[in-house]
Amino acid sequence: MNTGLKITTFAAALAATFGTAYGVGRGLDPVVADSPPKHEGEHTRPSPRAEEGGGHTGHETPPAGGLQISEDGHTLDLQTPRVTAGDRADLRFTVRDGSGRAVTAYQREHDKELHLIVASRDLVTYRHLHPTRDADGTWSTPVDLPRAGGYRVFADFTPAKKNARNLTLGADLAASGPYQPKKLPPASTTAETNGYEVELAGALLPGKASELKLKVSRAGKPVTNLQPYLGAYGHLVALRSGDLAYLHVHPNGEPGDGKTRPGPDISFTATAPSAGSYRLFLDFKHDGKVHTAAFTVRAGGAEAGSGTPEGHTEDGHGH
């Protein structure tokens with residue numbers, strides 16, 4: 001058998017080994033994938049812990065999210081743990097409380113009750129989805145995974161109860177079919193997506209809060225009229241290479257607060273839980289469309305990233 005191509009039927013237990021993810025249709029946001037930019041894309045977002053505010057500096061090292069399927073008496077029940085690559089499927093899941101009951105009440109954060117992120121295990125592909133919830137607490141969104149592999153599904157939410165804190169629960173998703181692994185893209189401080197150029201400044205530091213600034217340009221000119229999306233001018237998600245630990249990254253200021261201007265610079269405060277390689281996914285909105293730029297960075301180095309430009313999006317539609 002050709003070692004560059006394997007035909008494998010994945011069980012959920014093997015999903016942690018492989019990956020790339022892609023979604024289409026209702027309720028989807030943009031895709032970052034390993035092919036040249038072709039079209040306009042749609043979106044992402046991280047959500048702060050309930051005990052932390054927006055516009056942050058000097059945070060203690062936050063716990064990495066998404067590594068557990070259960071936390072604080074809540075469990076992510078992924079009812080679609082496997083799909084067939086290339087076939088459209090309905091991804092369904094429920095968040096259950098400590099008694100096994102489906103959670104049906106959530107706090108709205110960044111205009112949504114729950115944000116669902118699907119990332120490939122190789123961190124080459126990223127998707128931010130906004131599923132819909134039935135009255136019984138079952139969430140669903142259509143997905144179409146073009147290649148076999150393993151994916152991590154992250155549910156980011158805050159239950160609507162007193163003193164509840166934001167949670168990010170993770171579960172594995174697998175797709176069967178032809179599979180070929182991808183390497184983590186090289187570190188970079190620049191990315192291109194749908195005709196936009198994004199520059200990253202600042203360092204991601206292990207155990208210490210630091211500021212990351214991202215500058216959006218198009219055709220060599222700074223973009224100064226970014227539009228709010230999900231309550232902010234930009235959203236940043238960071239995933240650690242290896243275990244895909246989910247970092248909460250906080251925008252410094254919100255639209256209309258007098259502290260943030262609509263580009264070209266978007267500022268975030270982040271704390272890496274450890275040294276290592278991370279994949280950053282920035283979402284921003286301009287001319288009515290949401291775009292995603294991706295960067296590979298190294299926490300613990302002098303620079304946030306250096307090397308060959310990497311990061312782009314393909315079409316994504318939804319909500």
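Is Tyr-196 buried or exposed? At 2% relative accessibility, Tyr-196 counts as buried, where buried means under 20% relative accessible area, exposed means over 50%, and partly exposed covers the range in between (1.4 Å probe, protein chains only). The structure is a predicted model, in which local features need pLDDT of at least 70 and side-chain atom pairs count only at pLDDT 80 or more, whereas totals for chains, interfaces and linings use all residues. Residues are numbered from 1 along each chain as its sequence is written, and side-chain values use heavy atoms, with hydrogens and water left out.

Tyr-196 forms an aromatic pair with Phe-284 that is edge-to-face, with 5.4 Å from centre to centre and 75 degrees between the planes. Rings of Phe, Tyr and Trp (its six-membered ring) pair if their centres lie within 6.5 Å, and planes under 30 degrees apart count as stacked, those over 60 as edge-to-face and the rest as tilted. Because Tyr-196 lies in strand E14 and Phe-284 in strand E21, the pair ties together parts that are 88 residues apart in sequence; strands (E, at least two residues) are DSSP runs, numbered from the N terminus. Phe-284 is likewise buried, with a relative accessible area of 0%.

Phe-284 also belongs to the largest nonpolar core, which has 27 residues and in which Val-198, Leu-204, Val-216, Leu-280, Leu-282, Phe-284 and Phe-295 touch the most other members. Such a core is a set of buried Ala, Val, Leu, Ile, Met, Phe, Trp, Tyr and Cys residues joined through side-chain atoms within 4.5 Å. At least two residues of this core come from each of several strands, among them E14 (196-201), E15 (210-218), E21 (276-286) and E22 (289-299). When neighbours within four places in sequence are left aside, the residues in contact with Val-198 (heavy atoms within 4.5 Å) include Leu-214, Val-216, Leu-282, Phe-284 and Phe-295. A second, separate core of 25 residues includes Leu-76, Val-103, Leu-129 and Leu-145.

Strand E22 also holds Thr-296, which counts as buried at 4% relative accessibility. The side chain of Thr-296 makes a polar contact of 2.8 Å with the side chain of Arg-279. A polar contact is a pair of N or O atoms within 3.5 Å; within protein, one must be able to donate a hydrogen and the other to accept it, and residues adjacent in sequence count only if both atoms are side-chain atoms.

Elsewhere, Arg-152 is found in strand E11 (residues 149-157) and is buried, with a relative accessible area of 8%. A polar contact of 2.9 Å joins the side chains of Arg-152 and Asp-172. Although Arg-152 and Leu-244 are 92 residues apart along the chain, their C-alpha atoms are separated by 7.6 Å. Arg-152 also touches Gln-68, a residue in the loop between strand E2 (28-32) and E3 that counts as partly exposed at 45% relative accessibility.

An open sheet is formed by five strands in the order E3-E4-E6-E10-E9, and the pairing is antiparallel; two strands pair if DSSP finds at least two bridges between them. Strand E3 (70-71) and strand E9 (132-133) stand at the edges, each with a single partner strand, so one side of each is left without a neighbour in the sheet. Within this sheet, strand E4 (residues 74-78) and strand E6 (residues 88-96) pair over four bridges, and the bridge partner of Thr-75 in E6 is Arg-96.
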